[in-house]
Amino acid sequence: MIDPRRLVVLAAIALLALNLGMAAGSPAKPKPAAIPTVAPPPPPPAEPLPPPKIYLFRGAMGPIFSTGMDRLSEKLTQAGFSADVNEFTICRWIGGRAIASYKESPAPIVLIGHSMGGLCSVIISEMAAKENIPISLVITIDPAHATDDVPLNVERFINIFLSDSVLGGGNVVAVPGFRGHYASYDLKENSRVSHINIEKSDDIHRQILEMVTQLPRIQAQAQADAVPLRYLVPGDTLVELWDSGVRLPVRRGDTMASIAAANRVPLWSLAQSNSLPENAALTPGQSIIVPRHLTPPEPTAAMATPAPGRR
């Protein structure tokens with residue numbers, strides 16, 4: 001008689017052999033097809049801002065002494081911008097209109113003023129700050145000494161002035177905590193420029209027009225890295241309207257002259273913004289402040305309208 005336990009063992013062995021044979025004869029299960037990786041669609045490009053609304057302001061006795069603001073207004077209007085020139089005496093009324101217009105149809109606000117008109121531009125900026133309305137660009141041209149500090153809601157501020165001017169001479173600074181773009185240009189060393197012709201420079205008009213044209217397309221320039229610039233512009237030197245500086249690291253072999261050439265800025269501007277001599281030795285990794293502008297100036301542009309002398 002066969003031992004039942006032996007039968008159990010033999011049955012188990014037979015079953016195992018059967019399973020192994022079936023496995024060997026069966027085709028391998030196909031691997032699932034790889035799902036092709038599809039790159040996510042690129043984000044839609046940022047829509048450009050609407051064209052800016054530009055408000056220009058004359059100084060005292062503006063129709064006689066601030067005619068350059070009228071010429072600038074004409075150039076801006078011919079370029080397709082909304083540009084109105086006003087007397088500084090109705091400053092707050094124009095400011096109220098600008099704020100109401102922005103609330104109804106938001107568009108970048110640009111304020112440009114000569115002499116007392118420069119003071120007015122900052123006053124309107126302060127009015128807008130109370131309404132949490134940003135000001136895209138403020139340009140003051142030899143503003144009055146009494147001009148207030150630049151408020152926090154201003155994104156870009158440029159002051160072109162004569163520090164020794166009696167009629168103007170406003171050395172405007174920004175309030176503490178200002179994070180916008182800031183550039184200050186003192187032209188007192190240029191004997192051809194006076195308070196009553198500083199706003200008439202065709203070259204400055206051209207650069208202002210270029211900046212205004214670029215405004216709707218410059219959202220990528222962050223304010224966080226903006227370094228304020230303050231210059232005493234050498235006499236008879238082309239004024240380049242940089243809107244701020246940016247810090248760049250020095251690489252091996254860099255010199256002050258090579259950095260200036262690479263960034264298309266004059267050597268004197270690099271020296272002044274870094275408080276260094278023009279032939280200063282640089283160390284790799286050192287941080288250098290380089291002025292930046294929205295559009296480079298034409299190399300043949302003139303500085304300003306010549307004048308017989310200071311008045």
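Before the details, two remarks on conventions. Since the model is predicted, local features need pLDDT of at least 70 and side-chain atom pairs count only at pLDDT 80 or more, while totals for chains, interfaces and linings use all residues. Residues are numbered from 1 along each chain as its sequence is written, and side-chain values use heavy atoms, with hydrogens and water left out.

Let me begin with the chain as a whole. The protein chain holds eight helices and nine strands; helices (H or I, at least four residues) and strands (E, at least two) are DSSP runs, numbered from the N terminus. Of its 311 residues, 46% are buried, where buried means under 20% relative accessible area, exposed over 50%, and partly exposed in between, with a 1.4 Å probe and protein chains only. Among the contacts with a separation of 6 or more, 75% join residues 24 or more positions apart; a contact means heavy atoms within 4.5 Å.

Seven strands form an open sheet with parallel pairing, in the order 2-1-3-4-5-6-7. Strand 2 (82-87) and strand 7 each have a single partner strand and stand at the edges, so one side of each lacks a neighbour in the sheet. On average, neighbouring strands of this sheet are turned by 10° against each other, direction ignored. For all angles here, axes are lines fitted to C-alpha atoms, for helices over the stretch in contact, and angles run from 0 to 180 degrees between N-to-C directions.

Strand 5 and strand 6 pair in the parallel sense over six bridges; two strands pair if DSSP finds at least two bridges between them. Which residues of strand 7 (residues 229-232) lie on its covered face, and which on its uncovered one? Leu229 and Tyr231 form the covered face, whereas Arg230 and Leu232 form the uncovered one.

Next, helix 5. Helix 5 lies across strand 1, strand 3 and strand 4, and runs at about 150° to strand 3. Its 15 residues should span 21 Å at 1.5 Å a residue, and its end C-alpha atoms are 22 Å apart, which agrees; the expected span is 1.5 Å times one less than the number of residues. Eleven of the 15 residues of helix 5 are buried, and the helix is mostly covered. The buried residues include Gly117, Gly118, Leu119 and Cys120, and the buried set packs against strand 1, helix 4, strand 3 and strand 4. Just after helix 5, Asn132 takes a positive phi of about 60°.

Helix 4 (residues 91-104) and helix 5 (residues 116-130) pack with their axes 9 Å apart, at an angle of about 45°. The two helices are therefore oblique to each other; angles under 35 degrees count as roughly parallel, over 145 as roughly antiparallel, 65 to 115 as roughly perpendicular, and the rest as oblique. Cys91, Arg92, Gly95, Gly96 and Ile99 in helix 4 meet Cys120, Ile123, Ile124, Met127 and Ala128 in helix 5.

Helix 6 (residues 202-214) has 13 residues and reaches 18 Å from its first C-alpha to its last, close to the 18 Å expected at 1.5 Å a residue. Its buried residues include Ile204, His205, Ile208, Met211 and Val212. These buried residues of helix 6 pack against strand 1 (53-58), helix 3 (67-78), strand 3 (109-114), strand 4 (137-141) and strand 5 (156-161).

Helix 3 and helix 6 pack at an angle of about 40°, with their axes 10 Å apart. That angle makes helix 3 oblique to helix 6. On the helix 3 side, Gly68, Arg71, Leu72, Lys75 and Leu76 meet Asp202, His205, Ile208, Leu209 and Val212 of helix 6.

Is Phe81 buried or exposed? At 13% relative accessibility, Phe81 counts as buried. Not counting residues up to four places away in sequence, Phe81 touches Pro52, Ile54, Leu76, Leu209, Val212 and Thr213. The C-alpha atoms of Phe81 and Pro51 are separated by 6.9 Å, although these residues are 30 residues apart along the chain.
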